[in-house]
Amino acid sequence: MRVLLVHPSPLLYSEIYLRLEPLGLERVAAALRAARHDVRVLDLQIFGHREYFRELETFRPDAVGFSLNYLANVPEVVDLAIETKRRRPRCFVFTGGHSGSFIGPELLDHARGALDCAVRGEGEASAPRLLEAIGDPKLETLPGVVTRHGLGPAPPLLDDLDRFPPARELTRRRRKYFIGVLDPCASAEFTRGCPWDCSFCSAWTFYGRSYRKASPEAAAEDIARITEPNVFLVDDVAFVQAEHGYAIGREIERRGIRKAYYLETRCDVLLKNREVFAYWRRLGLHYMFLGVEALDAEGLRLHRKRVTPNENLRALEVARELGLTVAINIIADPDWDERRFAIVREWAMSVPEIVHLTVGTPYPGTETWMTESRRLTTLDYRLFDVQHAVLPTRLPLRRFYEELVKTQAILSRKHLGVAAIRQTASLALGLLLRGQTNFVRSIWKFSRVYNAERQYGDHQRPVTYAMRPPQAPGSARPRPAQLYVHVPSSSGRAGRAEHA
Ligand code: B12
Ligand code: SF4
């Protein structure tokens, strides 16, 4: 069967700092190829819709699968599904991905028959089974498949993360993938899932709070196959198990691989496993993202981060001692007033780290989605991108955006401004000489993208597809299993028991 897998367009806000390869789609593509399908991947972060329609005509796919990791991409994907069915009525059209897994039935409603199904959870096992079942009523009862007849059983977890290494050869114009000065940059995955349970996050609910590891040999082999000099490790929390981090590192050393790495982890993990991060520093780790989220104990408690402000500060010190460039994230609550923004600005300017500010947003699949008692002020998917306020703001909305953008601009000037550029000038020049323009271009995009008037204006756009709001906002804390997409296997549970 000819299968076209499509990643939707980027959100402008994330494009400033990075653009990354669609690793999930590349893994699904590998599984479909193993089942002898003829697969192509099209990344609309790089190509336009015109290219998509050209693929429809020239490749003539029998099936098109869209990746829906992000809610903000829902309208685009629904529109593309409708147009695909109009042009190729016999083509089987489906979605998969993180956010899509939590809202399958509403996606099918929006598409009014143009989507044949939505796949919940990991795609490696489900997608081949799904394509095999096209035209057979048993499709409706497949694990992880949502059709207009309802939800099939919960999808099982992939038994072995080594099985389908990403089909990176299917993504074109790979020089477009970058994060900051890691330009160009590939992505890789060492582990999947997260043993913690933060209230605002759906990483743990998606994988049923399981935690799985690739074998050190397969992880190193995958890095060896990467041709780019830089690698973004997509693990939710890197090196939760120090031994696993060492084992991969030793395999990488044994193969003589030298790359620059970016990874994301928790402050308490960095404190506990400092030595493994020091080891990776020697292997090429340069940049680290730490989800600090809140500066005060009460904020951390509300997010259920299970760390203290003191641990967060100590972790920043450790990262500095290791010589890592660190970016951290703080969640701005829509309830913030001018004083709260000012406190964060002051703190952020007092530390050398890059500080990002995102807006607290209840997402389907998170605990907050059910427990948040404040009513959503919008049901526009496009505003669920952690850059817009979807809950009532204490300040008038326009003022809130002015404060947000002012804060982001001040924080960005720290690392994207002229003074900082001067420091990175030789680096930027080197990139330009190698024909890599992503980083340098990103510097100029900031004021075009972060603009209070524009963010406020985004709320006035007509809404074609409205989200289904939470059924009982402000309800009691749900049982974790009520939120899960995947029901963890016994090995997944073991991973959690050891490390939570
Ligand atoms: C890397 C990453 C990014 C990259 C995007 C890379 C890319 N082009 O795909 C960047 C940094 C740009 C990014 C940005 C954002 N991200 Co992000 N991101 C991740 C992260 C850490 C890893 C994704 C990944 O590669 N995983 C590994 C691959 C193998 O898994 P996967 O993509 O999920 O794919 C599997 C399944 O989903 C499924 N699947 C996926 N697509 C398809 C398609 C079909 C047809 C099928 C059948 C199956 C299928 O099968 C795959 C294999 O099992 C996840 C957390 C996570 N653990 O997933 C967060 C995550 C997805 N991001 C999140 C968010 C909120 C964002 C942002 C909105 C905010 C932000 N943090 O800046 C932005 C906006 C993104 C945008 N639209 O531009 C949230 C999503 C929350 C939600 N419910 O919507 C997550 C879960 C992080 C979190 N803990 O909250 N992100
Ligand atoms: S530790 Fe990170 S990935 Fe895990 S639940 Fe919390 S925010 Fe999500």
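Of the 42 residues around ligand 1, those that come nearest are G24, G65, G96, E122 and G123. This is a predicted model, and its domain assignment divides the protein into domain 1 (2-151) and domain 2 (173-494). Because both of these domains give residues to the shell around ligand 1, that shell lies between them.

**Ligand 1**

- Several elements each supply at least two residues of the shell around ligand 1, namely the helices α2 (23-34) and α6 (123-132) together with the strands β4 (63-67) and β5 (92-96).
- The largest share of this shell, 5 residues, comes from α2.
- Sorted by class, the residues of the shell around ligand 1 are 21 nonpolar, 15 polar and 6 charged.

**Ligand 2**

- Around ligand 2 stand C194, W196, D197, C198, C201, A203, W204, D236, V237, R266 and G291.
- By class, the shell around ligand 2 has 7 nonpolar residues, 1 polar residue and 3 charged residues.

**The nonpolar core**

- The largest nonpolar core has 130 residues, and L5, L115 and L233 are the residues with the most contacts inside it.
- Domain 1 (2-151) and domain 2 (173-494) both give residues to this core, and it therefore lies between them.
- As background, nonpolar side chains in soluble globular proteins tend to be buried together.
- L5, one of the residues with the most contacts inside the core, touches L25, V28, A29, V39, V41 and G65, when residues up to four places away in sequence are not counted.
- G65, which L5 touches, is also listed among the residues that come nearest to ligand 1.

Notes
Residues numbered from 1 in each chain as written. Chains lettered and ligands numbered in written order. Predicted model: local features only at pLDDT ≥ 70, side-chain atom pairs only at ≥ 80, totals over all residues. Near = placed C-beta within 6 Å. Nonpolar A, V, L, I, M, F, W, Y, C, P; charged D, E, K, R; others polar. Core = buried A, V, L, I, M, F, W, Y, C linked by C-beta atoms within 7 Å. Buried ≥ 20, exposed ≤ 12 C-beta atoms within 10 Å, placed from the backbone. Domains from an automatic or database assignment. Contact = placed C-beta atoms within 7 Å. Helix = DSSP H or I, 4+ residues; strand = E, 2+ residues; numbered from the N terminus.
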